Amino acid sequence: MTPNSYHTHTTFCDGKNTPEEMVREALRLGCTAIGFTGHSYTPFDESYCMSKEGTKEYKACVRSLQKKYAGQIRILLGVEQDFYSEEPTEDYDYVIGSVHYVKKGEVYLPVDESAERQTEIVNRYYGGDFYGLAEDYYANVAQLYRKTGCGLIGHFDLITKFNEKGALFDTEDPGYRAAAERALEALMMCPVAFEINTGAMARGYRTEAYPEKWIIGMLLRMGIMVVKTSDAHSKEDLLYGL
Ligand SMILES: [Zn+2]
Ligand SMILES: [Zn+2]
């Protein structure tokens, strides 16, 4: 059976294809559903997210596609709500909650921009200690449901994006594990599912999906629901690795 993806980006944020192009690709592949999750507006970084005006257009566009393709494919209007976004979410069919930044003083620091940027942030703000960044990152992740009201936790360990083969830090370090486990334990008390997200595989950063296997193991042992998503930024990647 063809899988469906519920984490997709379009030209309304940092994706390459329009929502309709994504829908047509989903139909061509035999999907029964597709979920759109544009990046919510963040005033401190407009480089990747939907604009305020664009958010309205995005909602209208996906709602019109729901009507146009009714009976052919189930189309969901969602949002990938950043931890630091203050945009309302009640208009959406569902919400993915994601941490893309930590905040130091008044500065928002991206965790997923590039390996160079991540290393520079660790050196400048954490005295070279990657685990300090991990502490701050997972403290935000732990609060994702409370902050965004999300139903799905996006790429739980995004901080490992550039850490293929332990290039930057050791995810078996007890301090790292403790920080990740504290976030997991907090979220396990919330009505949320977790993504198994292949986005970084599609874009060549990683050979495995988020989160790491030991985390998926913990989720499954605890009976927490997981949802496979592609975090697609183009129609070619709509079902990548699913
Ligand atoms: Zn994301
Ligand atoms: Zn995404």
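Helix α3 covers residues 115-126, 12 residues in total; at 1.5 Å a residue it should span 16 Å, and its end C-alpha atoms lie 15 Å apart, which agrees. The expected span here is 1.5 Å times one less than the number of residues. Helices (H or I, at least four residues) and strands (E, at least two) are DSSP runs, numbered from the N terminus.

The model is predicted: local features need pLDDT of at least 70, side-chain atom pairs count only at pLDDT 80 or more, and totals for chains, interfaces and linings use all residues. Residues are numbered from 1 along each chain as its sequence is written, while chains are lettered from A and ligands numbered from 1 in the order in which they are written.

What follows α3? G127 does, with a positive phi near 55°.

Next comes the packing. Two packed helices are described by the angle between their axes and the distance between the axes. For α3 and helix α4 (residues 130-142), the angle is about 90° and the axes are 9 Å apart. That makes α3 roughly perpendicular to α4; the term covers angles of 65 to 115 degrees. Axes are lines fitted to C-alpha atoms, for helices over the stretch in contact, and angles run from 0 to 180 degrees between N-to-C directions.

Which residues meet? I121, V122 and Y126 of α3 touch F130, G132 and L133 of α4. Contact means C-beta atoms, placed from the backbone, within 7 Å. By class, this contact has 5 nonpolar, 1 polar and no charged residues. Ala, Val, Leu, Ile, Met, Phe, Trp, Tyr, Cys and Pro count as nonpolar, Asp, Glu, Lys and Arg as charged, and the others, Gly among them, as polar.

Now the whole chain. It has 8 helices and 8 strands. Its radius of gyration is 17 Å, close to the 18 Å that the globule rule gives for 242 residues, so the chain is as compact as a globular protein of that length. That radius is taken over C-alpha atoms, and the rule is 2.2 Å times the number of residues to the power 0.38.

Two residues other than glycine have a positive phi: K165, about 55°, and D231, near 50°. K165 is exposed, with 7 C-beta neighbours inside 10 Å, whereas D231 is buried, with 27.

Terms used
Angles under 35 degrees count as roughly parallel, over 145 as roughly antiparallel, 65 to 115 as roughly perpendicular and the rest as oblique. Two residues are in contact if their C-beta atoms, placed from the backbone, lie within 7 Å. A residue is buried if 20 or more other C-beta atoms lie within 10 Å of its own, exposed if 12 or fewer, and partly exposed in between; C-beta atoms are placed from the backbone.
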